[in-house]
Amino acid sequence: MERQSGRKALVHRVKGNFVVEENIGDVQWPQQCAVCGGPAETTDCLHLQSTFKALGKIDVDVDGIPYCRECFPKAHKGKVLERVRTVLAFVLGIPLGLYLIVLSMQQRSSGSKFVWIGMIMVLALAAGFGLSWLIVDFPIRTLFRRQFAKPVDAWLIQENKSDNREGISVVISIPNEDYAAAFAGLNGA
Ligand SMILES: [Zn+2]
């Protein structure tokens with residue numbers, strides 16, 4: 001996944017998202033705001049980092065995502081809100097899980113406890129995510145609708161590439177459909 005000049009990024013579409021197999025540095029961004037289609041006045045860079053069993057720690061930058069001056073801070077606020085929601089989900093979910101585990105310990109005398117503990121924790125965290133969405137995300141987004149914009153997002157996945165090698169690809173999600181169509185056109189996806 002290194003930048004090689006003259007090379008084109010290898011991009012295909014999967015369920016509305018774009019998967020970049022090769023040359024992420026050569027992805028072409030349509031020169032307009034990725035949220036509203038207005039003038040491209042500033043760019044965003046997403047730093048992606050994940051650890052994969054077979055390949056270790058992978059760092060990739062997705063650079064040059066254009067925004068206008070109005071949308072850029074709104075896109076950033078959306079990310080901050082997402083982080084707050086994730087933290088709150090754990091803050092709510094972990095104590096809830098522990099509480100439920102204690103309750104279930106008192107009732108079940110023997111048997112597959114570890115399986116139960118794992119399942120309860122997963123359910124409690126799911127409940128935590130639901131609760132934090134209800135408490136934080138939903139009301140704030142409803143009240144301050146005009147303060148938020150859905151930004152371009154990206155993350156890393158391990159997959160079998162077209163030539164059947166296992167490797168890391170970058171998934172790019174573009175919420176604005178017009179911008180996504182222009183992106184597809186530019187990158188041959
Ligand atoms: Zn804009």
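**Chat about the β1-β2-β6-β5 sheet**

Me: How many bridges join β1 to β2, and which way do they run?
Reply: Strand β1 (residues 10-14) and strand β2 (residues 17-22) are joined by five bridges and run antiparallel. Strands here are DSSP runs of E with at least two residues, numbered from the N terminus, and two of them pair if DSSP finds at least two bridges between them. This is a predicted model: local features need pLDDT of at least 70, side-chain atom pairs count only at pLDDT 80 or more, and totals for chains, interfaces and linings use all residues. Residues are numbered from 1 along each chain as its sequence is written.

Me: What's in the turn of that hairpin?
Reply: Two residues sit between β1 and β2, and Lys15 in the turn has a positive phi of about 45°.

Me: Which residue stands opposite Val11?
Reply: Val20 in β2. Val20 also has a bridge partner in β6, namely Val170.

Me: And how many bridges join β2 to β6?
Reply: Three, with β2 and β6 (residues 166-173) running antiparallel.

Me: OK, the whole sheet then: what's the strand order?
Reply: The four strands go β1-β2-β6-β5 in an open sheet, with antiparallel pairing. β1 and β5 (153-160) are at the edges with a single partner strand each, so one side of each has no neighbour in the sheet. From one strand to the next, the twist averages 30°, with axes as lines fitted to C-alpha atoms and angles running from 0 to 180 degrees between N-to-C directions.

Me: Switching topic: where are the domains?
Reply: Domain 1 covers 10-73 + 149-187, and domain 2 covers 81-146; the bounds come from an automatic or database domain assignment. Their C-alpha centres lie 30 Å apart.
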